[in-house]
Amino acid sequence: MKKQTTQCDAVGLVRTILQDAVKNGASDIHFEPTAGSLVVRFRLDGSLKTIETLPKTASDTVISRLKVLGGLLTYRNDIPQEGRIENAGDWAEGAAGAVTDMRLAVFPTIYGQRAVVRLFFENAGLMELDKLGLSVAIEESLKAFAAGNQGVLLLTGPAGSGKSTTLGAMLRYILQTCPGKSIVALEDPVERGIEGVTQVQIEPHGELTFPVALRSLLRQDPEVLMLGEIRDAETAKMVIEAGLTGHLLMSTLHSGSCSGALLRLLEMGIEPYQVTSAISAILNQRLVRRLCEKCKRRDESAGRYEAVGCEACVNTGYHGRMLLAERVELDGPLRKAILQRADLETLDTLLAERGHMNLVQDGRRLIAQGLTTESELERVCGGC
Ligand SMILES: [Zn+2]
């Protein structure tokens, strides 16, 4: 007969799980009830990894313990609840990075309650421009853009592709290299404070929307503007105008490719000549996991490294992440094609003909340097 997990066991068990998650820098802990167990998984470098499979008998006491910690109603098992685990920093025993917050969300499922704890680390996503893993050519072009005083840099890629990390790195680079510039960031939400930057919290469903904030801001004489995301035609039009009137502007646009982002602007009603005159460059990026330096192994026959797994990387074989990216600058032939309203296929063919380095090719650079693997490239670029 299976031993019942007592309340006392659950306290220790939950403590160990939370501490392990903090120690290993997990961004989320999932407690997923199944027909016969409670599966504990950590999100490490963006991917979920099963850590433990607890017996079904432990399920109720473990979830109850989490609900106590999160200040939730322990007697309500039939409704979704959200809370915060107080004194998050106290769980950081032996941790490398400081935890600033832990949020708990529970949800009823047919197999019992599912819980997710989200962990917030002080330095998560805080990276210097030269530590992002970008190729020398792309890094240099970003630095050149940062040193300028007019134009629009658009970052594109799916959600979770590190766009806000790149924007943050660009802002800090500008702060370091051009001190004294007036820098304003419009964000939804503001993820972290950056000293020296005026940060504005946008309310997409309130009065302070991106277009409203941007319109007023342009009268406040900013030199550098960062906009979290271009979500609608009105914002897109204002971004283009700002870029044409002596501002350095950076933003993101949801799209799968550089050509796709350019066409999306046209679909939003921006005139081709405005796109060609305002946009300086487009950067399409993805995050790949970095091979764990402690356990990666060279496969001599294939001439590249492979993931192994050790204690340091929680047996994932990876530790940390880096960017792969492709950059498109609007030069003569590309401008001409946009002015002629070329379609996606034509733009992509034009780029390929002119030796454009795409995401997969940039990924090969990281594989050749022994920093990531073919399977990781396949995972993030399967549809590239
Ligand atoms: Zn390892």
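Here are legends for close-up views of this structure, which is a predicted model.

**View 1. Four cysteines hold a zinc ion.**
Start with the metal: the protein donors of the zinc ion are the SG atoms of Cys292, Cys295, Cys310 and Cys313, lying 2.3 Å from it. The angles among the 4 donor atoms run from 104 to 113 degrees, and the site is tetrahedral. Along the chain, these donors follow the spacing C-x2-C-x14-C-x2-C. Cys292 and Cys313 are 21 residues apart, and this pair links distant parts of the chain. Look for Cys292 in the loop between strand S12 (279–291) and strand S13 (297–299). Cys313 sits in the loop between strand S14 (304–306) and strand S15 (318–329).

**View 2. Helix H3 meets helix H4.**
Here we've got helix H3 (residues 136–147) packing with helix H4 (residues 163–177). Their axes are 10 Å apart, at an angle of about 55 degrees. An angle like that makes H3 oblique to H4. As for handedness, the crossing of H3 and H4 is right-handed. On the H3 side, look for Leu142, Lys143, Phe145 and Ala146, which meet Met170, Tyr173 and Ile174 in H4. Sorted by class, this contact has 6 nonpolar residues, 1 charged residue and no polar ones.

**View 3. Helix H9 beside helix H10.**
Next up are helix H9 (residues 332–339) and helix H10 (residues 344–353), whose axes come within 11 Å. The two axes cross at roughly 170 degrees, which makes H9 roughly antiparallel to H10. So who touches whom? Pro333, Leu334, Ala337 and Ile338 in H9 meet Leu347, Leu350 and Leu351 in H10. The contact of H9 with H10 has 7 nonpolar residues, with no polar and no charged ones.

**View 4. Helix H10 again, this time with helix H7.**
H10 also pairs up with helix H7 (residues 258–267): their axes come within 9 Å and cross at roughly 140 degrees. That makes H7 oblique to H10, and the crossing is right-handed. H7 brings Ser259, Gly260 and Leu263 to the contact, while H10 brings Leu344, Leu347, Asp348 and Leu351. By class, you'll find 4 nonpolar, 2 polar and 1 charged residues in the contact of H7 with H10.

**View 5. A cis peptide bond at Pro189.**
Zoom in on the peptide bond that joins Asp188 and Pro189: this one is cis, with an omega of about -5 degrees. Most peptide bonds are trans. To find the spot, go to the loop between strand S8 (183–187) and strand S9 (198–201), where Pro189 lies.

**View 6. A positive phi at Asp221.**
Asp221 is not a glycine, yet its phi is positive, at about 60 degrees. Most residues other than glycine have a negative phi. You'll see Asp221 in the loop between helix H5 (210–217) and strand S10 (224–227).

**View 7. Gln274 and the residues around it.**
Our last stop is Gln274, which lies in helix H8 (residues 272–278). What does Gln274 touch, not counting residues up to four places away in sequence? Its contacts are Ile240 and Ile279.

Terms used: Residues numbered from 1 in each chain as written. Predicted model: local features only at pLDDT ≥ 70, side-chain atom pairs only at ≥ 80, totals over all residues. Heavy atoms only, no water. Axes fitted to C-alpha atoms, helices over the stretch in contact; angles between N-to-C directions. Helix = DSSP H or I, 4+ residues; strand = E, 2+ residues; numbered from the N terminus. Parallel < 35°, antiparallel > 145°, perpendicular 65-115°, else oblique. Left-handed = near helix turned anticlockwise from the far one by under 90°. Contact = heavy atoms within 4.5 Å. Nonpolar A, V, L, I, M, F, W, Y, C, P; charged D, E, K, R; others polar. Donors = N, O, S within 2.8 Å, 3.2 Å for Na, K, Ca; no water. Tetrahedral: all angles 85-135°; square planar, octahedral: opposite > 155°, others 65-115°.
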